[in-house]
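Hello,

Here is the structure I promised to pass on, with the sequence alongside. Please open it first, and then read my notes below with the model on your screen.

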Amino acid sequence: MARPSKYSCINLNADEVSRLTNITSSRTEMVRTVQRAKIILLTAEGISVTAIADKLDLNRKSVELCLDKYLESGLETALSDNPGRGRKSVIMDDDKSYVQDIACQSPKELGYAQELWTQRKLVEHIQKHCEEAG
């Protein structure tokens, strides 16, 4: 006899089923979110992890990861990506604001002859004055 799955305890209430069904039928949701909603719905129906992976054309580890997130932190966490994905920003928000502020000003206001910034002139101005601006 096969041992019971640790995911067999997933029971969804009517609101969760309704929400997950809406997500799976949505045409505007991200594919990852739709897949995760399908994983949770199929698990609640009692389908095994292997069968879900085969049905959704995923690997078993992806299904287990989604279900582990659901069991640990709930529905919202299971549907979303973990924070901190991707490369960390090198440029701080204050620095971006400074560059945007300069770029939105006319070069004439800052003592230049031209009326519009070229990319090279903007870069030269920022490099020359960024340290004194902080």
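**What I found**

The structure holds 1 aromatic pair (rings of Phe, Tyr and Trp, the last by its six-membered ring, pair if their centres lie within 6.5 Å; planes under 30 degrees apart are stacked, over 60 edge-to-face, and the rest tilted). The partners are Tyr-112 and Trp-117, whose ring centres are 5.5 Å apart and whose planes meet at 65°, so the pair is edge-to-face. Tyr-112 is partly exposed at 23% relative accessibility, while Trp-117, at 18%, counts as buried. For these words I use relative accessible area: buried is under 20%, exposed is over 50%, and partly exposed is in between (1.4 Å probe, protein chains only).

Before you go further, please note that this is a predicted model: local features need pLDDT of at least 70, side-chain atom pairs count only at pLDDT 80 or more, and totals for chains, interfaces and linings use all residues. Residues are numbered from 1 along each chain as its sequence is written, and side-chain values use heavy atoms, with hydrogens and water left out.

**The core**

Nonpolar side chains tend to be buried together in soluble globular proteins. A nonpolar core here is a set of buried Ala, Val, Leu, Ile, Met, Phe, Trp, Tyr and Cys residues joined through side-chain atoms within 4.5 Å. The largest one has 22 residues, and Leu-20 and Ile-40 touch the most other members. Helices α1 (14-25), α2, α3, α4 and α5 (75-79) each supply at least two residues of this core, and α2 gives the largest share, 6 residues. The helices are DSSP runs (H or I, at least four residues; strands would be E, at least two), numbered from the N terminus.

Contact means heavy atoms within 4.5 Å.

**Helix α3**

Helix α3 covers residues 49-56, and its buried residues are Val-49, Ile-52, Ala-53 and Leu-56. Looking down the helix axis, these fall within an arc of 100°, so they line one face of α3; the arc is taken from the directions from the axis to the C-beta atoms. The face turned away from that side carries the exposed residues Asp-54 and Lys-55. Among what covers the buried residues of α3 are α2 (31-44) and α4 (60-73). Just after α3, Asp-57 takes a positive phi of about 60°.

**Charged side chains**

I found 6 salt bridges in the whole structure, each being a side-chain nitrogen of Lys or Arg within 4 Å of a carboxyl oxygen of Asp or Glu. Three of them are worth a look on screen:

- Lys-6 and Asp-68 meet at 3.3 Å, N to O. Lys-6 is in the segment before α1 and Asp-68 is in helix α4, 62 residues apart. Lys-6 is exposed at 54%, and Asp-68 is partly exposed at 23%.
- Asp-81 and Arg-36 have their closest N and O atoms 2.8 Å apart. Asp-81 lies in the loop between α5 and α6 and Arg-36 in helix α2, so the pair ties together parts 45 residues apart in sequence. Asp-81 is partly exposed at 27%, whereas Arg-36 is buried at 16%.
- Lys-108 and Glu-115 meet at 3.8 Å, N to O. Lys-108 is partly exposed at 47%, and Glu-115 is exposed at 55%.

Salt bridges that share partners also join Arg-32, Arg-36 and Asp-81 into one network.

Lys-69, in helix α4, is buried yet has no salt bridge; the nearest side chain of opposite charge, Asp-81, is 5.4 Å away. For charge, Lys and Arg count as positive and Asp and Glu as negative, with His and the chain ends not counted. Not counting residues up to four places away in sequence, Lys-69 touches Gly-74, Thr-77, Ala-78, Ser-80, Asp-81 and Asn-82.

**One more loop residue**

Gln-114 sits in the loop between α6 (93-104) and α7 (119-133) and is partly exposed at 26%. Leaving aside neighbours within four places in sequence, Gln-114 is in contact with Pro-107, Lys-108 and Lys-121.

Best wishes
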